[in-house]
Structures are given as C-alpha cells and as structure tokens.
Amino acid sequence: MSRVLLTGGSGFIAAHVLDILLERGHSVVTTVRSQEKANKIKDAHPKYGKDKLDFAIVEDIAQEHAFDKAVVSDPPFETVIHTASPFHFNVTDVQKELLDPAIIGTTGVLKSIAKSAPSVKRVVITSSFASIINPFEGDWPSHTYSEKDWNPINAEQAVENPAAGYRASKTFAEKAAWDFVEKEKPNFSLATMCPPLVLGPIVHYLNSLDGLNTSNQRIRDIMQGKAKKEIAPTGTYIWVDVRDLALCHVLAAEKEEAANKRFFITAGYFSNKEIAQIVGKNYPQYKDELPTEKTPGGGYPEGGIYKWDNSRVKEVLGVKFRTLEESIVDTVKSLQAVGA
C-alpha cells in the first residue's frame with residue numbers, strides 16, 4: 001500500500017477519503033489548518049499510530065509555497081489527493097475568498113510536488129460538476145453532460161456574484177491543473193473528480209449543525225420545518241453520496257487506468273421534494289415539521305432537465321452507487337448524532 005498526502009483533511013469529503021485510505025492499508029499524512037483540527041482527527045482514529053496517520057499544518061492554501069514542506073515525507077509520498085478548496089457562498093470578495101484559494105491552492109500543490117516530491121506518481125484533485133455545467137444554458141433537456149463538457153465561464157463573469165465565483169473557481173482551478181501537467185510534463189499523472197451535489201453522513205467529530213457542509217444544509221432545513229409551507233428549489237438536480245465519491249478518489253489513486261482522466265461522478269437525479277418524502281417515510285417523528293404532498297416547490301422543471309453520462313466512472317473505477325434513500329437515511333442519522 002502507498003504513502004498518501006491528503007490535503008484538507010478536516011473537510012466533508014476528505015474525512016471520508018481518510019477513512020477509506022486507512023481501511024485499505026495506506027499510510028496517510030493529512031494537511032489541516034490547525035493543531036486543534038489535527039487533534040480531533042487523531043482522537044477519532046485511536047487504533048492508527050503515527051506511521052499510519054500523521055499531520056502537516058498548512059494554515060492558508062492560497063499562499064505561494066504553502067505546500068512546500070507538506071509534500072516532503074520519509075518514507076516519501078507516492079500519491080497526493082488534493083481536496084482542499086473553499087465551498088461556501090457567504091463571501092464579500094469573490095477573487096480573494098473563492099478564486100485565489102482554489103486556483104493558487106491547486107497550482108501551488110502541483111508546483112511543490114514537481115519541485116520537492118519526485119516519488120509522487122499520481123495526483124487526484126477534487127473538482128466539481130461546476131466545472132462541467134454550462135450555466136448559461138439553463139435546464140438544457142436536449143443535452144447529455146459528460147467529462148467532455150467544460151463550463152464556459154470567463155474571468156469577468158466570475159466576479160459577478162458568489163455562485164458564479166464558486167463555479168468559476170472550480171473551473172479555473174481544474175483547467176490550471178490540466179495545463180500544468182501538459183506544459184510541465186511532471187513525474188506524476190493526474191485524475192480529477194467532478195461531483196455535483198454531495199450528500200451523505202457527516203463525520204461527527206468535525207461537525208456541528210451550524211457548521212454543516214453547504215450540500216447537507218438542505219436536509220437539516222427540511223428536518224427543522226423550513227420547507228413546511230414551501231419547498232426550496234432544488235437547484236442542481238443530480239447528486240452523489242459522499243462515501244461513493246470518497247471511494248472514487250481512492251480508486252482513482254490506486255488504478256493505473258485512471259491516469260490523466262476526468263471523472264463525472266453522479267448517482268443520478270434527485271429533488272428536494274424527494275428528500276422530504278424519504279425523511280417522512282423513514283423518520284415519522286418529523287411528520288409535523290415536513291411538507292405534505294400538496295406543499296408547493298422542490299420538484300423537477302416542467303420542461304425537462306439535462307441528462308448525464310457516468311459510464312466512465314462505472315467502467316474505469318467500477319463503483320456502484322448508493323440509492324438516494326440510503327444516503328438520506330444515513331445522513332439524517334448522522335445529523336441526529338450532532339443534535340438535529
């Protein structure tokens with residue numbers, strides 16, 4: 001098994017990647033922003049010693065040379081999984097708070113690897129469906145999205161608002177990674193993971209109900225009665241469970257045939273209305289807080305919706321996706337554990 005550097009180890013996706021790496025026998029160093037985060041992760045994994053789980057502090061991934069020390073290890077790394085990137089919309093400066101951390105963080109880690117970690121053979125980067133979707137085409141029912149698609153957003157459009165800034169940050173960062181590999185011809189191959197909305201259980205030792213990842217906030221809000229009169233628009237109509245996505249990251253690191261490929265990782269369609277129905281069916285105690293069949297909102301667009309092609313993930317990585325019901329049931333259980 002290999003020695004892996006996992007960036008952003010306290011994030012929603014990375015916490016699950018870490019569990020799978022350790023279960024599969026890899027030796028992991030994960031970057032965190034503070035010693036306090038490192039301690040929380042360490043305390044939650046008591047059976048793993050320093051040889052299997054260690055930490056590197058990287059306070060700000062948007063600083064040049066932020067990863068220079070983190071990529072150096074004894075024994076040396078063979079794999080880097082880069083998940084660290086901002087995903088939230090409560091920003092005032094799109095350039096400084098979204099674009100710079102995503103782009104500089106991604107190119108920065110690649111430069112550090114190329115310069116100081118010649119043993120690294122594979123880099124896996126968490127990108128997003130945001131780098132695939134064309135936001136200017138709306139629901140686009142005639143189109144089937146796949147790895148061939150790129151978001152056409154430009155630098156001017158990127159700073160118009162935080163949602164555009166987020167989509168642009170993922171697009172520009174992923175493009176910068178592919179450009180780096182093409183121009184610099186480094187010692188490593190690249191694989192990028194492009195998931196849409198990521199649902200699934202939170203890792204309890206890192207989360208509070210207030211500090212939930214953006215995607216799972218919709219489940220919390222439905223449980224708390226915020227959809228009782230009207231269900232919020234679904235927004236993105238495709239999803240993946242965080243555990244399946246985490247496994248894709250690890251398989252993309254392990255499998256030779258994943259080299260230099262993008263992966264569009266989705267389990268299929270979902271709507272906020274379906275989430276509410278699943279919560280009601282499996283957790284009758286929330287009945288009084290939930291919308292009914294007659295509650296407006298939260299469905300699919302009347303004119304249809306884009307299609308999706310996830311065949312590469314199934315063929316190359318061999319992943320079988322969880323159902324929406326399984327994912328929501330487990331997510332609610334995990335939210336109950338932190339006081340929902």
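Let's start with one residue pair. Leucine 6 stands opposite threonine 30 in S2. Keep in mind that this is a predicted model.

Now widen the view to the strands around that pair. Strand S1 covers residues 3-7, and strand S2 covers residues 27-32. S1 and S2 pair in the parallel sense, over 4 bridges. In general, strands of a sheet pair through backbone hydrogen bonds, either parallel or antiparallel.

What is the order of the strands in the open sheet? It runs S3-S2-S1-S4-S5-S7-S10. That is 7 strands, and the pairing is parallel. At the edges sit strand S3, residues 53-57, and strand S10, residues 261-264. Each edge strand pairs on one side only. Neighbouring strands of the sheet are turned by 20 degrees against each other on average, direction ignored.

Next, two helices on this sheet. Helix H3, residues 94-116, lies across S1, S4 and S5. H3 runs at about 170 degrees to S4. Helix H5, residues 162-184, lies across S5, S7 and S10. The angle between H5 and S7 is about 165 degrees.

On to the cores. In soluble globular proteins, nonpolar side chains tend to be buried together. Here the largest nonpolar core has 65 residues. Those with the most contacts inside this core are Met193, Leu199, Phe263, Ile265, Val279, Leu317 and Ile328. Which helix gives the most to this core? Helix H1, residues 12-23, with 9 residues.

Look at phenylalanine 263. Leave aside its neighbours within four places in sequence. Phe263 is then in contact with Glu147, Ala191, Thr192, Met193, Cys194, Ala258, Arg312, Val313, Val316 and Leu317.

Now the aromatics. How many aromatic pairs does a search of the whole structure find? The search finds 10. Take tryptophan 140 and tyrosine 145. Their ring centres are 5.8 Å apart and their planes are at 75 degrees, so the pair is edge-to-face. Are the two partners buried or exposed? Tryptophan 140 has 21% relative accessibility, so it counts as partly exposed. Tyrosine 145 has 0%, so it counts as buried.

Compare phenylalanine 180 and phenylalanine 188. This pair is stacked, with 6.5 Å centre to centre and 5 degrees between the planes. Phenylalanine 180 has a relative accessible area of 11%, so it is buried. Phenylalanine 188 has 4%, and it is buried as well.

Back to Trp140 and Tyr145. Together with Phe129, Phe264 and Tyr306, they form one aromatic cluster.

There is also a charge over a ring. The charged end of arginine 262 sits over the ring of tryptophan 150. The distance from the ring centre is 3.6 Å.

Last stop, arginine 322. Where does it lie? In the loop between helix H9, residues 311-317, and helix H10, residues 324-337. Arginine 322 has 25% relative accessibility, so it counts as partly exposed. Not counting residues up to four places away in sequence, Arg322 touches Trp239, Asp241, Arg243, Asp244 and Ala267. Now set arginine 322 against aspartate 54. These two are 268 residues apart along the chain. Their C-alpha atoms are separated by 31 Å.

Questions, please.

Definitions and conventions. Residues are numbered from 1 along each chain as its sequence is written. This is a predicted model: local features need pLDDT of at least 70, side-chain atom pairs count only at pLDDT 80 or more; totals for chains, interfaces and linings use all residues. Side-chain values use heavy atoms; hydrogens and water are left out. A nonpolar core is a set of buried Ala, Val, Leu, Ile, Met, Phe, Trp, Tyr and Cys residues joined through side-chain atoms within 4.5 Å. Buried means under 20% relative accessible area, exposed over 50%, partly exposed in between (1.4 Å probe, protein chains only). Contact means heavy atoms within 4.5 Å. Rings of Phe, Tyr and Trp (its six-membered ring) pair if their centres lie within 6.5 Å; planes under 30 degrees apart count as stacked, over 60 as edge-to-face and the rest as tilted. A charge sits over a ring if NZ of Lys or CZ of Arg is within 6 Å of the ring centre and within 35 degrees of the ring normal. Two strands pair if DSSP finds at least two bridges between them. Axes are lines fitted to C-alpha atoms, for helices over the stretch in contact, and angles run from 0 to 180 degrees between N-to-C directions.
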